[in-house]
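Thank you for making time for this one this morning. I would like to walk through the model slowly, giving each criterion as it comes up.

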Amino acid sequence: MQGVTKSYDGEPALADVSIAIARGEFAFLIGTNGAGKTTLLRILLREEPFDTGVVLVNGVDVSRIRGAALTKFRRRIGVVFQDTRLLPNATVRENVGLPLQVRGRANREIDVAVDDVLSRVALSDKGERFPRQLSGGEQRKVALARAVISKPDVLLCDEPTDSINPAHAREIIGLLLDINSEGVTTLVATHDSEIVNNLRRRVIRMDAGTILADEAVGVFNTS
Amino acid sequence: MTAKLNVLRYVLGAAMLGLWRNRTMTLGAVVTTAVMLVTLAAFLAINDTLNEMVTALGRKSNLIAYVRDDARPSRVTEIMQDLEQRPGVGEVVFVTKEDALRIFQERFFDQRDVIDILQANPLPASVELRMDDPAVLPALADELRGMTGVFESVAVPLDVVERLVSISNVSRAAGTAMIVALTAVALFVIANTIRIAVYARRQEIEIMKLVGATDWFVRGPFIIEGAFIGLVGATLAAVALVVMYLQVAPTITRIISFLPIATDVSFVRNLAVFIVLVGLVVGSIGSYVSVRRYLAV
């Protein structure tokens with residue numbers, strides 16, 4: 001990402017942001033609310049257009065992709081949205097299997113993959129439930145399962161541990177590290193200082209739409 | 001190919017699940033579609049019946065051209081054959097002098113002496129025209145009056161004809177205007193109901209797009225759901241229409257037996273098929289258009 005700017009109604013959300021994340025790397029994106037973390041992730045998914053600059057994801061120029069290329073591009077990216085964005089009228093199994101359904105995989109293949117990933121997030125017994133029947137932490141785990149079931153190249157997580165109990169948060173971070181260890185480039189936006197400080201990974205610190213610091217082993221300075 | 005079949009299977013399954021899981025909205029949309037289409041169909045049936053009634057009244061208005069005694073029969077036959085081909089002319093009947101006398105005697109039984117004192121039959125033969133469209137009567141009468149070698153005189157109930165033509169024109173124009181307006185309202189309400197149903201699920205569309213679904217993968221279930229809602233709503237409307245027609249038409253016919261009302265079953269059958277097709281098309285196109293606006297994610 002090079003020199004990226006983005007504004008909403010004249011209000012800058014990102015100002016000249018430049019970062020590079022290597023293939024297979026794990027990085028935290030930290031900052032207070034309004035720092036620009038979510039906007040940055042949305043741009044990486046091409047959910048949001050940007051004003052100036054260049055964004056390359058998996059070698060693809062994000063600003064240029066349209067139609068079928070965009071569909072193909074998104075299939076290589078797993079996303080855990082801040083608000084989970086689970087389909088409210090679909091069961092856990094249906095939600096998790098969706099990325100494989102859109103690829104036209106056979107139901108039997110999808111069933112095997114769903115069983116596997118649900119067991120990984122310890123939700124094997126909740127497959128037939130609907131999102132409203134799950135706790136906040138469980139919903140985030142479902143969102144994570146949906147994000148990784150198709151074995152993406154890149155995983156983008158927006159506040160994956162927000163508003164959930166510490167046990168669930170630790171479980172989710174453990175899963176993220178596992179997934180990253182399989183070679184998936186992982187970028188996690190968070191303002192959970194405990195997790196950032198404990199993991200001692202790369203930290204990209206944002207404030208008011210700019211990159212304040214980019215540290216190979218960073219800490220979350222809450223002061 | 002296998003992937004496409006899997007997607008097709010998913011789309012069909014997702015449509016059925018979507019209908020069931022959003023059943024309150026599905027039911028609302030089906031009922032709205034049925035009510036709008038039954039209203040439209042009922043009005044189409046009423047309009048058709050009114051037009052039939054006006055046409056039937058028109059058939060009762062006749063033109064009588066009295067044939068000169070010295071007119072050549074072959075010429076009269078020729079004119080009658082020509083008249084039978086004219087648009088708006090229903091039936092052409094030749095009434096001989098003898099028939100005319102018999103009719104007179106039957107109709108004016110108490111004055112039969114008037115005829116008895118005459119040496120010869122004074123009544124002329126005549127050509128009677130029963131019209132399908134009374135609007136052509138005045139021009140036709142003028143034309144026949146011009147044939148002075150054949151006809152003595154031509155009698156037309158012009159005031160009745162003018163009134164009938166006027167009623168017919170107003171009825172048809174008002175009917176057409178109402179049909180256009182009602183069709184527009186019905187289509188708008190049905191399409192809007194589907195639009196609201198899609199709007200309520202716009203987040204689903206966005207989510208599917210963000211996990212890499214193609215546009216057709218997203219819109220497929222919605223189009224099938226829309227077609228289903230339209231089809232079921234329209235079928236209910238068609239059934240209601242047929243039941244109403246079978247129950248109501250005989251009663252109306254009995255009450256106003258002097259006016260022949262359209263009791264043609266094929267008309268109702270065609271109307272029912274038309275309504276079902278309208279429901280199917282509006283439901284699926286309505287969904288297609290409604291989903292399209294949320295696909296640009």
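This is a predicted model: local features need pLDDT of at least 70, side-chain atom pairs count only at pLDDT 80 or more; totals for chains, interfaces and linings use all residues.

**Cores, sheets and the contact**

Let me begin with the largest nonpolar core, which has 58 residues and in which Leu29(A), Ala145(A) and Leu156(A) touch the most other members. A nonpolar core here is a set of buried Ala, Val, Leu, Ile, Met, Phe, Trp, Tyr and Cys residues joined through C-beta atoms within 7 Å, and a residue counts as buried if 20 or more other C-beta atoms lie within 10 Å of its own, as exposed if 12 or fewer do, and as partly exposed in between, with the C-beta atoms placed from the backbone. Helix 5 of chain A, residues 136-148, provides the largest share of this core, six residues. Once its neighbours within four places in sequence are left aside, Ala145(A) is in contact with Val96(A), Val117(A), Leu118(A) and Val121(A), where contact means that the C-beta atoms of two residues, placed from the backbone, lie within 7 Å. Another core, of 50 residues, lies apart from this one, and among its members are Met36(B), Ile229(B), Ala237(B) and Val282(B).

Residues are numbered from 1 along each chain as its sequence is written, and chains are lettered from A and ligands numbered from 1 in the order in which they are written.

Turning to chain A as a whole, its secondary structure comes to seven helices and 11 strands; these are DSSP runs numbered from the N terminus, helices being H or I with at least four residues and strands E with at least two. Its radius of gyration is 17 Å, close to the 17 Å that the globule rule gives for 223 residues, so chain A is as compact as a globular protein of that length; the radius is taken over C-alpha atoms, and the rule is 2.2 Å times the number of residues to the power 0.38. Of the 223 residues, 44% count as buried, and of the contacts in chain A with a separation of 6 or more, 68% are between residues 24 or more positions apart.

Chain A has an open sheet of six strands in the order 7-8-9-3-10-11, with mixed pairing, two strands being paired if DSSP finds at least two bridges between them. Its edge strands, each pairing on one side only, are strand 7 (77-80) and strand 11 (210-215). Within chain A, strand 3 (residues 26-30) runs parallel to strand 10 (residues 202-207), joined by four bridges, and Phe28(A) stands opposite Val203(A).

In chain B, an open sheet of four strands has the order 2-3-1-4 with antiparallel pairing. Strand 3 of chain B (residues 126-131) is joined by five bridges to strand 1 (residues 62-67), and by six to strand 2 (residues 89-95). Which residues stand opposite Arg130(B)? Asn62(B) is its bridge partner, and Glu91(B) also stands opposite Arg130(B).

Finally, the contact between the chains takes 18 residues from chain B and 17 residues from chain A. On the side of chain B, helix 1 (2-21) and helix 8 (202-210) each supply at least two residues, and helix 1 gives the most, with six.
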